[in-house]
Amino acid sequence: PPLLSLPGSHADEAALPPRGYSERRRPGSADERGLASAFEAHGLAALAAVGAAFGRLQRGEAAEATAFAPLMIRGLDCLANRTECLGDCPDAAYFGPHISADSDAIPLLRLSSDAALHLVTMVNHRAANASVYASIAVLRPADRAAKTLSKGRMAVRATPLGFTSFDWPAAGAFVTWAFTRNPQHCARLEAAAPGEGAG
């Protein structure tokens with residue numbers, strides 16, 4: 001179809017006033033704070049199942065835990081300050097490893113070798129009626145040699161490793177997904193814990 005272009009210009013340099021955002025709370029919104037103890041128990045059970053599948057429990061090896069923290073996105077500040085926007089708005093919540101509230105730098109979390117495996121456990125927010133959807137994704141830095149990311153200038157690229165809550169329609173209150181470079185890991189985990197995910 002033909003494309004109609006109507007170029008225009010104006011002399012007004014003032015920033016457009018933000019329209020603001022509607023209140024996030026809705027009738028029936030879930031409060032997930034009461035899931036804390038059950039979430040911890042689910043994580044330990046998932047870790048035990050993976051440990052049993054690989055025989056780590058018998059060898060007495062311990063898994064290293066990495067806490068995920070929120071990436072605080074401040075909405076339209078970038079428009080008002082004429083800085084680079086993250087391309088998102090405050091109606092979404094992002095969590096990741098090694099995020100510190102008092103630092104702009106986010107050290108990257110990498111698989112140390114083909115023998116390494118990362119196990120990610122999360123609340124199924126969609127099932128709890130706390131979100132429209134939820135997802136787990138592996139991103140890479142735009143600069144492949146980078147050791148850190150910047151909160152203010154988030155330069156990342158997508159990878160094929162990404163899953164949303166629509167990929168686990170039968171999941172309960174929690175979801176666990178394993179990330180590894182080794183396809184044999186995936187086969188072993190699927191046999192040990194069918195219904196969970198590996199990618």
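The model is predicted. The chain has four helices and nine strands. Of its 199 residues, 22% count as buried.

**Overall fold**

- Read along the sequence, the elements follow the pattern α-α-β-α-β-β-β-β-β-β-β-α-β.
- Take the contacts between residues at least 6 apart in sequence: 67% of them join residues at least 24 apart.
- The accessible surface of the chain comes to about 14,400 Å². Carbon and sulfur atoms account for 57% of that surface.

**The largest nonpolar core**

- In soluble globular proteins, nonpolar side chains tend to be buried together.
- Which residues make up the largest nonpolar core here? There are nine: Val120, Met122, Ala134, Ile136, Phe163, Trp168, Val175, Trp177 and Phe179.
- Strand E4 (117–123) supplies at least two residues of this core, and so does strand E8 (174–180).
- The largest share, three residues, comes from E8.
- Val120 touches Ile136, Val175, Thr176, Trp177 and Phe179, leaving aside residues up to four places away in sequence.

**Helix H1 against helix H4**

- Two packed helices are described by the angle between their axes and the distance between the axes.
- Helix H1 spans residues 36–54, and helix H4 spans residues 183–192. They pack at an angle of about 120°. Their axes are 10 Å apart.
- H1 passes H4 in a right-handed crossing.
- On the H1 side, the contact is made by Val50, Ala53 and Phe54. On the H4 side, it is made by His185, Arg188, Leu189 and Ala192.
- By class, this contact of H1 with H4 has five nonpolar residues, one polar and one charged.

- Ser165 sits in the loop between strand E7 (156–164) and E8.
- Is Ser165 buried or exposed? Its relative accessible area is 2%, and buried means under 20%, so Ser165 is buried.
- Ser165 touches Asn124, Arg126, Tyr133 and Ala134, not counting residues up to four places away in sequence.
- Ala134, one of these partners, is also part of the largest nonpolar core.
- Tyr133 lies in the loop between E4 and strand E5 (135–141).
- Tyr133 has a relative accessible area of 47%. That value falls between the 20% and 50% cut-offs, so Tyr133 counts as partly exposed.
- Tyr133 touches Arg126, Ser165 and Phe166, again leaving out residues up to four places away in sequence.
- Arg126 is therefore on the contact lists of both Ser165 and Tyr133.

- Ala92 is in the loop between helix H3 (77–81) and E2.
- Ala92 is partly exposed, with a relative accessible area of 32%.
- Ala92 and Tyr133 are 41 residues apart along the chain, and their C-alpha atoms are separated by 10.0 Å.
- Ala92 and Ala134 are 42 residues apart along the chain, with C-alpha atoms separated by 9.6 Å.

**His98: a positive phi**

- Where does His98 lie? Its place is in the loop between strand E2 (94–97) and strand E3 (105–107).
- Phi of His98 is near 65°, a positive value in a residue other than glycine.
- His98 is partly exposed, with a relative accessible area of 33%.

Note on methods: Residues are numbered from 1 along each chain as its sequence is written. This is a predicted model: local features need pLDDT of at least 70, side-chain atom pairs count only at pLDDT 80 or more; totals for chains, interfaces and linings use all residues. Side-chain values use heavy atoms; hydrogens and water are left out. A nonpolar core is a set of buried Ala, Val, Leu, Ile, Met, Phe, Trp, Tyr and Cys residues joined through side-chain atoms within 4.5 Å. Buried means under 20% relative accessible area, exposed over 50%, partly exposed in between (1.4 Å probe, protein chains only). Contact means heavy atoms within 4.5 Å. Accessible areas come from the Shrake-Rupley method with a 1.4 Å probe; for residues, only the protein chains shown count as cover. Axes are lines fitted to C-alpha atoms, for helices over the stretch in contact, and angles run from 0 to 180 degrees between N-to-C directions. A crossing is left-handed if the near helix is turned anticlockwise from the far one by less than a right angle, and right-handed if clockwise. Ala, Val, Leu, Ile, Met, Phe, Trp, Tyr, Cys and Pro count as nonpolar, Asp, Glu, Lys and Arg as charged, and the others, Gly among them, as polar.
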